[in-house]
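The report below describes one protein model for a reader who works with coordinates.

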Amino acid sequence: MARWCRLRCQAALLAALLQAVTSSGHAAQRPDLVFEVKLEQHVLSDAIGAYQQDGQVLLPLGEMARLLTLAIRTDPGQHSASGYILDQARAFRLDLAAATVTIGAVTESFPPALARREEDDIYIASGLLARWLPADFEI
């Protein structure tokens, strides 16, 4: 049985809305939250970007998987992520366009508002990530 770790995400900086204006004059979205990520007392990252959307905090799936050394890779251009969680028997497949996730042999849908694709990663609501990954998030 997989050992579930307790991951503590503490707010290091809460910015207002950070937006940059591109040369074409269109606003480009940037994360509006920055978090420090700790595993027990160990700092895994001193700054990861996140979004606040409809009362939810959306964390970057690919970056969180990398920090937790999980074999999950995101492909924002294809609106997907794949790999496995802890062992290959727990295959992971996210289809953002269909709003479904498959873990092992179980496929479930999720509300599309709990996920967001950006150029750098796929952002998922912290509560949903806690159901999928071997981690609890305290924000």
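Leaving aside its neighbours within four places in sequence, Leu59 is in contact (heavy atoms within 4.5 Å) with Phe35, Ile48, Ala50, Met64, Ile122, Tyr123, Ile124, Ser126, Leu129, Phe137 and Ile139. The model is a predicted one, in which local features need pLDDT of at least 70 and side-chain atom pairs count only at pLDDT 80 or more, while totals for chains, interfaces and linings use all residues. Residues are numbered from 1 along each chain as its sequence is written, and side-chain values use heavy atoms, with hydrogens and water left out.

Leu59 is also one of the residues with the most contacts inside the largest nonpolar core, together with Phe92, Leu94, Ile124, Leu129 and Trp132; this core has 34 residues. A nonpolar core is here a set of buried Ala, Val, Leu, Ile, Met, Phe, Trp, Tyr and Cys residues joined through side-chain atoms within 4.5 Å, where buried means under 20% relative accessible area, exposed over 50%, and partly exposed in between (1.4 Å probe, protein chains only). Helix H1, residues 61–67, gives the most to this core, with 4 residues.

In secondary structure, the protein has 2 helices and 14 strands, which are DSSP runs numbered from the N terminus (helices H or I, at least four residues; strands E, at least two). Buried residues account for 40% of its 139 residues. Of the contacts between residues at least 6 apart in sequence, 45% join residues at least 24 apart. The protein exposes about 7,800 Å², of which carbon and sulfur atoms supply 49%, with areas taken from the Shrake-Rupley method and a 1.4 Å probe, and with only the protein chains shown counting as cover for residues.

Two strand pairings share S8, and strands count as paired if DSSP finds at least two bridges between them. Strand S7 (residues 71–75) and strand S8 (residues 80–85) pair in the antiparallel sense over 5 bridges, and S8 is joined to strand S9 (residues 87–95), again antiparallel, by 6 bridges.

A pair of aromatic rings is described by the distance of the centres and the angle of the planes. Rings of Phe, Tyr and Trp (its six-membered ring) pair if their centres lie within 6.5 Å, with planes under 30 degrees apart counted as stacked, over 60 as edge-to-face and the rest as tilted; by this rule the count comes to 3 aromatic pairs. Tyr51 and Tyr123 form one that is edge-to-face, at 4.8 Å centre to centre and 85° between the planes. Tyr51 lies in strand S5 (residues 42–53) and Tyr123 in strand S13, so the pair ties together parts that are 72 residues apart in sequence. Both Tyr51 and Tyr123 are buried. Elsewhere, ring pairs link Phe92, Phe110 and Trp132 into a cluster.

Tyr51 has a charged neighbour too: the charged end of Arg116 sits over the ring of Tyr51, 3.8 Å from its centre, the criterion being NZ of Lys or CZ of Arg within 6 Å of the ring centre and within 35 degrees of the ring normal. Glu118, in the loop between strand S12 (115–117) and strand S13 (122–125), touches Gln29, Tyr51, Pro76 and Tyr123, not counting residues up to four places away in sequence. Glu118 is buried, with a relative accessible area of 15%.
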